[in-house]
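Please keep the coordinates in view while reading.

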Number of protein chains: 2
Amino acid sequence: MSHTLGIRQAQKQKTRQALLDAALGLLEEQSLSSLGLREVTRAVGVAPTAFYRHFRSTADLGVALVEEALGSLHPMIRTTVSSAGDSDQRIERAVGLIAHHVETHPAHVRFIARERHGGVQSVRQAIQDQLARFTEEVKAALAKDPVSEGWNDDDLRMLAHLYVDQMLMTASLFLDALEAPEEERRRVVQVATRQMRLISIGREHWLD
Amino acid sequence: MSHTLGIRQAQKQKTRQALLDAALGLLEEQSLSSLGLREVTRAVGVAPTAFYRHFRSTADLGVALVEEALGSLHPMIRTTVSSAGDSDQRIERAVGLIAHHVETHPAHVRFIARERHGGVQSVRQAIQDQLARFTEEVKAALAKDPVSEGWNDDDLRMLAHLYVDQMLMTASLFLDALEAPEEERRRVVQVATRQMRLISIGREHWLD
DNA sequence: AATTCCAGAGAACAGTTGTTAACTGCATGG
DNA sequence: CCATGCAGTTAACAACTGTTCTCTGGAATT
C-alpha cells in the first residue's frame, strides 16, 4: 500500500476534501436536507459542475461525512469502555475523552447529532450502521469485563445500547455548552458523570 | 372563556391548522430548514402569500409545531412517572404509554426527534425549553417518591434528565420500528423495559 | 513525442424560491 | 344598512436551484 499517488489524483482528493470541509462548515447552521450543491462549490471556489466529479448528490456527500466523522472513532471506543482502573476512574476517563473529542471535532459531533434523526434517509442509515458497529464493539468489550459474568446476550446488548446512546447524549450536551461559561461546562461534566455512575450501579446489581 | 368565536376567526384557525398539518406531513421526509413556505401553501391549496397571515416564516411555524407536539404532553408525563404499582409495573406502564403515543402521533414524535438537534435555532430552543419543563416536572414527581428519600437536588435533577432522555430515545426507537414486523417491535419493548429496569436498580442503590 | 484521459470551467435550461404590492370579497361592528 | 377590517388572491420581481452539454488544459499513458 501507500503507493504515492500521482499529482493528478492528489489534486482531486484535495478538492474533494475541500468540499467535505466546506459542507461541514455550512452544516453548522442548517440541516443536510437544505444544503445545496452550489452552496458548497461556491464556498470552495470551484464551478458547480465540479461537484459531480466527487459526489452524486449532497446526500452522497453526507454519507461520506458520516464515515469521516465516525469511521475513525472505533479505536477510541475501545479505550473508553474497557481497560484498567476502578469504576469511578473509568467513568471519569470516559467523560473526559468525550469532552475532549467534542472540543477537537465540534462540527463532526454536531453533524452526527443533527443527521442521526435528520431528513435524509441514506445518511440516517449510514449513521445507524456505524452506531450498530459501535454497539457490537462495546458489547464485546463488556463481555470481557468480570462484572458482566453470568449476563446473557440480550442483556449485554441492551447495556451496550444504553452506553452508546448515553455517549451521544453526553457529547450533545458538551456541544451545547461549548461556548458557555466554564461553570456550566462543569455542571455538564457533573451530570454526565453521575448518570454514568447510576448506570454503573444498576449494572453491578443487575443479577440480584 | 370558550367564547364561541365568529365564523371569521374560526375559518382563520382552520387554515392555520391546515398549514400546520401539511407542514408536519411534509416534514416526514425532510428537515425544517429545507421546508419552503410555498411548499406548504401548495399542499394546503392556498396562495403563498396567505402564509404570512399566520406565520412570519417556516421557523415560526416550527415553533408553533413544537407547542402542538409537546404542549399537550404534560399530563401524560405525570401519570408516567408517579402513581401506584411496584417498580416493574410502573416501567411496563411507562413503556406502554410511550409506545401508544408514538403509534397515535408518529409525525409529532418524528418532528421533535428530528428538530431537537436540527438546523433551526429558534426551534431547537423551543424544544429545549419544553424539555426543561418536563425535566422539572419529572423531578418534582420523583421527589415525592419514597425511593428518593435523602436525595439532594442535583441528584434528583440528573435522574430526571436521564429519564426524559431515555423517554425520547425509546420513542425514537419505536418510531423506527413502526412499520417493522411485530417481532422487532417486541424486541424494542424488551430493550426499553430492561434499560429502564437497570436505571431503576441503579436508583435503588444510589445511596449505598 | 504523440495520444488519451479527465478534473474542472463555462454557459445555458427550466423550475423553484421568498417577498412586495395592490386587489377582492365577505364577516364584522357601528 | 353601511363602512371598516382583514383572510386570502393575483401578479410580478430578482435570485436561486440542480442538471445538461460542450469545451479546455494539463497530467498520464503509450
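A base oxygen of DNA strand D is 2.4 Å from a side-chain N or O atom of B:Arg8, a polar contact being a pair of N or O atoms within 3.5 Å (within protein, one must be able to donate a hydrogen and the other to accept it, and residues adjacent in sequence count only if both atoms are side-chain atoms). The model is predicted: local features need pLDDT of at least 70 and side-chain atom pairs count only at pLDDT 80 or more, while totals for chains, interfaces and linings use all residues. Residues are numbered from 1 along each chain as its sequence is written, chains are lettered from A and ligands numbered from 1 in the order in which they are written, and side-chain values use heavy atoms, with hydrogens and water left out.

B:His54, by contrast, places a polar side-chain atom 2.7 Å from a phosphate oxygen of DNA strand D.

Chain A can be laid on chain B with an RMSD of 0.1 Å by a turn of 180° and a shift of 0.0 Å along the axis, after least-squares superposition on C-alpha atoms of residues with pLDDT of at least 70 in both. That is the relation of a two-fold axis. In chain A, the C-alpha nearest the axis belongs to A:Gly202, at 1.8 Å.

The contact between the chains (heavy atoms within 4.5 Å) takes 40 residues from chain A and 40 residues from chain B. Together they bury about 3300 Å², 61% of it on carbon and sulfur atoms; this is the accessible area (1.4 Å probe) lost on being put together, summed over both parts. Two salt bridges join chain A and chain B, each a side-chain nitrogen of Lys or Arg within 4 Å of a carboxyl oxygen of Asp or Glu. One of them pairs A:Arg194 with B:Asp155 at 2.3 Å, N to O.

How values were computed:
Buried area = accessible area lost by both parts, 1.4 Å probe.
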